[in-house]
Amino acid sequence: MIAQIRTLFRYRLLVQSLVGRELKARYRGSVLGFFWSFINPLLQLLTYGLVFTVILPGRHSPEMQPYLLFFFCGILPWTFFQSSLVESSGVLIAGGNLIKKVLFPAEVLPVVTVFSNLAHFLLGLPILLAFALYAGRLKPAALLLPLPLLVQLVLTLGLVFVISALTVHFRDIQSILGHLMHLWFFASPVLYYHQDVPERVRQVLRFNPMWHIMISYQEMLFHGSFQHWRGLLLTGAVALVTFGVGLLFFDRLRDTLAEEV
Amino acid sequence: MSTLAALASGVAVSARDVTKVYRRFLHKHQFRTLKSALLTGSLLSDLRPDQTFTAVDGVSFDVPRGSTFGVIGENGSGKSTLLKLAAGITRPTRGRLVVEGRVSALIELGAGFHPEISGRENVYINGIMLGLTRRQVEERFDEIVAFAELERFIDAPVKTYSSGMYARLGFAVAIHVDPDVLLIDEVLAVGDEAFTRKCLDKIGEFRRRGKTIVIVTHSLALVEKMCDDVLWLRHGRVADHGDPKRVVDAYLTYVAGGEDALLAQEHAQAAEAPAEPAETEDEGRYRQGRWGSRDVEITSVRLLDDGGRERHVFVPGESLTVELAVEARQPVEDFVFGIGVFTSDGVSVYGTNTDIEDFKAEGAAGRGTVRFVVQELSLVEGTYLLDVAAHRRDGTPYDYHRGLYSFRVKSRTKDVGLYRPRHRWEFAGGVRVSPPAPRAELDLHDLDDGEGQPPLPDDDKPAR
C-alpha cells in the first residue's frame, strides 16, 4: 500500500495539472465562466432557503437560527462529498482511452475528480465565511476547519477508489448511486439539527461517518465551539481504514480495468 | 539468461516466456447487477473470466540497447498486445518483461488530449502525463510546437484541430519526451507524407543517438529499411526472429502461401463446375463460364513453375507454364488451342492461339498434353484471370473455359500498368543517383516445404 501511495504522490504534478484542466474545461464556453463556482452554491442555498424559510417557516429549533447559515454550513461540504462520489463513478469509463493507450496510473482519474470538487468547495468557502462573519458567528473555532475537511477528503478518496473501479464492471452503480446519495443526505444532519433526531434513531445514524463530519462543520462554523472531538477522531480512523481498503481494492482490480473499460 | 542478467548486459528490453491471456466475459455476467452479486456473494467470482484468449503466447526476445526492433505479423497476431506489455499498460499473465530506462509509447497519438482546452495547455498536460516535469515541458515547448508546425494554432482549443494536426501534436509531444526506449505502434500512417517523412527523420535521429526503438508495423519496407532485428508473430507465438530481410521474406512467403491456398481452392471449384450452356456473349463484361461441344475436352488445367510444381502465386520474371490435359473423343484434324490472360476487371492483357501463330493442326486422338510456356512473366502485381480454349479454326468451340482460372503476381516493386517490359535506367551528366539496395524478389519456390519453414538466407543470389 505504501507503494501505491508513493505512486500517487509521484503523480501529484499530473493530478494538479488535470485538476486545473478540469476546472478550465468545465466552464469553457459559458458566459460567467469561473463565477459558476460561486454562483452554484448560492443558487442552491437560495432554493433550499425558499423552501425552509418561506414555504415551511418556523419549524426550526433555536439551535438552527439563522437557518440559512446553518444549512449553508452543511450543504457546502455535502455537495463536495456527493459530487465526488457521483462523478467518480463514471470517470474510468470516460477516461478509458487514457487507461488503454497511455501508461497511466488509473487511480489518478478518481483522485482528480475528488480534487476538482475540493477546488469548488474551497471557492465556495469564502462565501460561507463571509455569511458567518456577517451573522456574527465566526469564532476562533473556525480555525479547526481543516480537521473535518481532511477527514472528509480521506474518506471520500477511499470511497471513490471502490466506486470508480466497481462501476467499470457493474455499470448499474451509476444509476443506483444517485438514489443512494439521496438517502445518505437525509441520514446526515444537513437539513436538521442532530439533537432533534429521536434518540433511538440517533443510535443508528451515529454509524454514518458523514454524521460526525457534518456536526463538526456545524459546530466550528455555526455554533462557534467545537465539542465533537471524539466523534471526529473516530471518524478519522474509519476514514483511514476506508482509504487503505479502497486503494487495495482498486489495485486488485487494476489489471481488469484496461481490458474492461 | 534471466531478464535481469540480460538487462545488465546491454539489453534494453528483455522478454522471457511472456504470455498474455485476455479474459472474455459472457453477456449474462456482463449485465449481472451489483445487487445480485452482493446477495449471492459472488462478486469476486463474477470478476473471473468465462473464456480466455491467449493474445501473446510464450514470447521471449531481447532488444539490445541502441538497436531498432521490428515486430510484424498479421492482424490479431498479438503485435499490439506485445507493445502494450512493453509499455506497462497491461501486465503479462505469465513470464517477465523488463524494460530499462524511460519508456515512451506512441500507441495512439494525442490519446490524452482534452478537446476543450488549448493546444498549449494540452502540450503541458500530455508532457506531464508522459513523465516530464513542468520545467522540462517549458524548455521543450517551442521545439514541440515547431515540430508539429502548429505555431499559429497552438492557443486554439484542440477540438478545432484537424485529425492531422491532432496527430502531429501528439507525435511531437511524445517524441520530445526523449525516452530511452521508444515504442511505436503503426502510428506513422497518420498525417501527410511530408510529416511522415519528418517523423521518420526524427526516429532516424533517435537511432543515431543510440536510443532503443521497438516498432510494430505493417510496412515491411520500413521494417527492412530501419530495423536491426525483426520478430514475426503468428497467433501470438514467435514464428521467426532475426535478420530483417530473411524474416520479411519468410513472412511474405507465408502470406503468399495463404493466398496460394485460397486460389487453389477456387481452382478446384472451377474444375468441378458443371458445364454451362454457351451464353450470349456479353460484350464489355467479362463473365466466367464454360461451353463447347466437348469433342475435344480440356480435362484439367494446371499452372506450373519452372520446376514443374503447381503454383498460383508468381513473381515477375519467373517462368509460368499453363498445362492443359486434353482428350479428343474422336480423332479430329481441325483444332486450335488458345490462351487468354485478363486482369481481374476483365481487361485483356494478352491472347494468342496456335492458329494465329501458324501451327498446322495434323491430328488429335485420345489423351494428350498441351503446354503454354511463358519464359519470363512480364506482368505487374495483381490478380489475373485465365481463358483456355480448344476450338475449330472457324471458331466453333470444342471446349471453352472462360476466366475459370486465376493466378496472382506478387511483387515488391510497386510499378503500375499491365505489362512490365524488361528495362533498365541510365543516368548521365549532372544526374547522380545511388542504386537501389539489392533485394531479391520473393522466393516462392519453397512454398511446399511445409508451413513455418522459412527459406534459408541466400545472400549471394543476384537481384532479379
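Predicted model: local features only at pLDDT ≥ 70, side-chain atom pairs only at ≥ 80, totals over all residues.
How are helix 4 of chain A and helix 8 of chain A oriented to each other? They are roughly parallel.

Start with chain A as a whole. Its secondary structure consists of 12 helices and zero strands. Read along the sequence, the pattern is therefore α-α-α-α-α-α-α-α-α-α-α-α. The chain has 261 residues, and 39% of them count as buried. Take the contacts in chain A between residues at least 6 apart in sequence: 79% of these join residues at least 24 apart.

Now return to the opening pair. Two packed helices are described by the angle between their axes and the distance between the axes. Helix 4 of chain A covers residues 67-89, and helix 8 of chain A covers residues 146-169. Their axes lie 8 Å apart, at an angle of about 20°. An angle under 35 degrees counts as roughly parallel, so the pair of helix 4 and helix 8 of chain A falls in that class. The crossing of helix 4 of chain A with helix 8 of chain A is right-handed. From helix 4 of chain A, the contact draws on A:P77, A:F81, A:S84, A:L85, A:S88 and A:S89. From helix 8 of chain A come A:Q152, A:T156, A:L159, A:V160, A:I163, A:S164 and A:T167. By class, this contact of helix 4 with helix 8 of chain A holds six nonpolar, seven polar and no charged residues.

The peptide bond from A:Q65 to A:P66 is cis, and its omega is near -5°. A:P66 belongs to the loop between helix 3 (36-55) and helix 4 of chain A.

Next comes chain B. This chain has 11 helices and 18 strands. Of its 464 residues, 35% are buried. Among contacts in chain B with a separation of 6 or more, 75% involve residues 24 or more positions apart.

Which helix of chain B is largely enclosed by the rest of the structure? Helix 8 of chain B is, because 11 of its 13 residues are buried. The buried residues include B:M165, B:Y166, B:L169, B:F171 and B:I175. B:R168, a charged residue, is also among the buried ones. The cover over the buried residues of helix 8 of chain B includes strand 5, helix 6, helix 7 and helix 9 (193-208) of chain B. From its first C-alpha to its last, helix 8 of chain B reaches 18 Å, close to the 18 Å expected at 1.5 Å a residue.

Helix 7 (residues 134-148) of chain B packs on helix 8 (residues 163-175) of chain B, with axes that come within 8 Å and cross at roughly 140°. That makes helix 7 of chain B oblique to helix 8 of chain B. The crossing of these two helices of chain B is right-handed. Helix 7 of chain B contributes B:I144, B:F147 and B:A148 to the contact. Helix 8 of chain B contributes B:R168, B:L169, B:A172 and B:V173. The contact of helix 7 with helix 8 of chain B divides into six nonpolar, no polar and one charged residue.

Two residues of chain B have a positive phi without being glycine. B:D178 has a phi of about 60°. It lies in the loop between helix 8 and strand 6 (181-185) of chain B. B:D178 is partly exposed, with 16 other C-beta atoms within 10 Å. For B:D358, phi is near 65°. B:D358 is found in the loop between strand 15 (348-353) and strand 16 (364-374) of chain B. With 6 other C-beta atoms within 10 Å, B:D358 is exposed.

Finally, where do the chains meet? In the contact between them, 27 residues of chain B touch 23 residues of chain A. On the chain B side, strand 1 (11-24), helix 3 (34-39), strand 5 (103-106) and helix 6 (119-129) each give two or more residues. Helix 6 of chain B gives the largest share, five residues. By class, that side of chain B has 15 nonpolar, six polar and six charged residues.

A:E259 shows one point of this meeting from chain A. It lies in helix 12 (residues 229-260) of chain A. Leaving aside neighbours within four places in sequence, A:E259 is in contact with B:Y22 and B:R23. A:E259 counts as partly exposed, with 15 C-beta neighbours inside 10 Å. Within chain A, the C-alpha atoms of A:E259 and A:V168 are 9.9 Å apart, though the residues are 91 apart along the chain.

Terms used. Residues numbered from 1 in each chain as written. Chains lettered and ligands numbered in written order. Contact = placed C-beta atoms within 7 Å. Helix = DSSP H or I, 4+ residues; strand = E, 2+ residues; numbered from the N terminus. Buried ≥ 20, exposed ≤ 12 C-beta atoms within 10 Å, placed from the backbone. Axes fitted to C-alpha atoms, helices over the stretch in contact; angles between N-to-C directions. Parallel < 35°, antiparallel > 145°, perpendicular 65-115°, else oblique. Left-handed = near helix turned anticlockwise from the far one by under 90°. Expected span 1.5 Å × (residues − 1).
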